[in-house]
Each structure stands twice: as structure tokens, then as C-alpha cells.
Amino acid sequence: KLNGIKFEFQRQRRISWDTRFQELKEFKEAHGHTRVNKRSGQLGLWVSSQRTQFRLFQEGKASTMSDQRLAELNGIDFEFIYYSRP
């Protein structure tokens, strides 16, 4: 039915992990830290996801975190545990 009304399907472009990591490095350069609030757009959501993936990785559960990604994040002093103030 959607094709019948000429609805245009747009596939959302998926941003690679490396691209988001580069954005995080630029954020750190500008702000001096990696504490991106998860309400701060796509980068904030990605950072929150990295924290979740790290926790799963440490628990031995299925995760997209890898030793290489962990090393890259540690290389920029990523804060895996961060609690924002209310």
C-alpha cells in the first residue's frame, strides 16, 4: 500500500564505530573529557552504548565490545563508568 501512494523509503545510514570514535576524540579535544551526556544527540547515545557494551563484555555476555575497541577507548582515557549529576 505504501508503494501505491509513492511513499519514499529512506534507509537510515548507519555510522561506523570508527566514525563515532573519531567524533569522540574530537569532542575530547574540544572539551577535555569524554563525558558526553546521552541526551546530547547521536554521539551521546553512542557513548552510552559503549558503556553498556563494556559492562556486558566484562560480564562475559554477548557484546560488540572487543579487545581492540577497548584498547582504543582506553587510549583516550574513556570513562567507562560515569554518573551524571541530576
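Student: What pattern does the protein chain follow along the sequence?

Tutor: In this predicted model, the pattern reads α-α-α. The chain has 3 helices and 0 strands.

Student: How do you know that the span of helix α1 agrees with its number of residues?

Tutor: Helix α1 covers residues 17-31, which is 15 residues. The expected span is 1.5 Å times one less than the number of residues. That gives 21 Å, and the end C-alpha atoms are 21 Å apart, so the two agree.

Student: What follows α1?

Tutor: G32 does. Its phi is positive, near 80°.

Student: Which residues of α1 are called buried, and why?

Tutor: They are W17, R20, F21, L24 and F27. Buried means under 20% relative accessible area, so each of these five falls below that cut-off.

Student: What makes you say that they line one face?

Tutor: Look down the axis of α1. The buried residues fall within an arc of 115°, so they line one face of the helix.

Student: What do these buried residues pack against?

Tutor: They pack against α2 (41-58) and α3 (67-75).

Student: Why are D18, E29 and A30 called exposed?

Tutor: Exposed means over 50% relative accessible area, so these residues lie above that cut-off. They sit on the face of α1 turned away from its buried side.

Definitions and conventions:
Residues numbered from 1 in each chain as written. Predicted model: local features only at pLDDT ≥ 70, side-chain atom pairs only at ≥ 80, totals over all residues. Heavy atoms only, no water. Helix = DSSP H or I, 4+ residues; strand = E, 2+ residues; numbered from the N terminus. Buried < 20%, exposed > 50% of the residue type's maximum accessible area, 1.4 Å probe, protein only. Arc of directions from axis to C-beta. Contact = heavy atoms within 4.5 Å.
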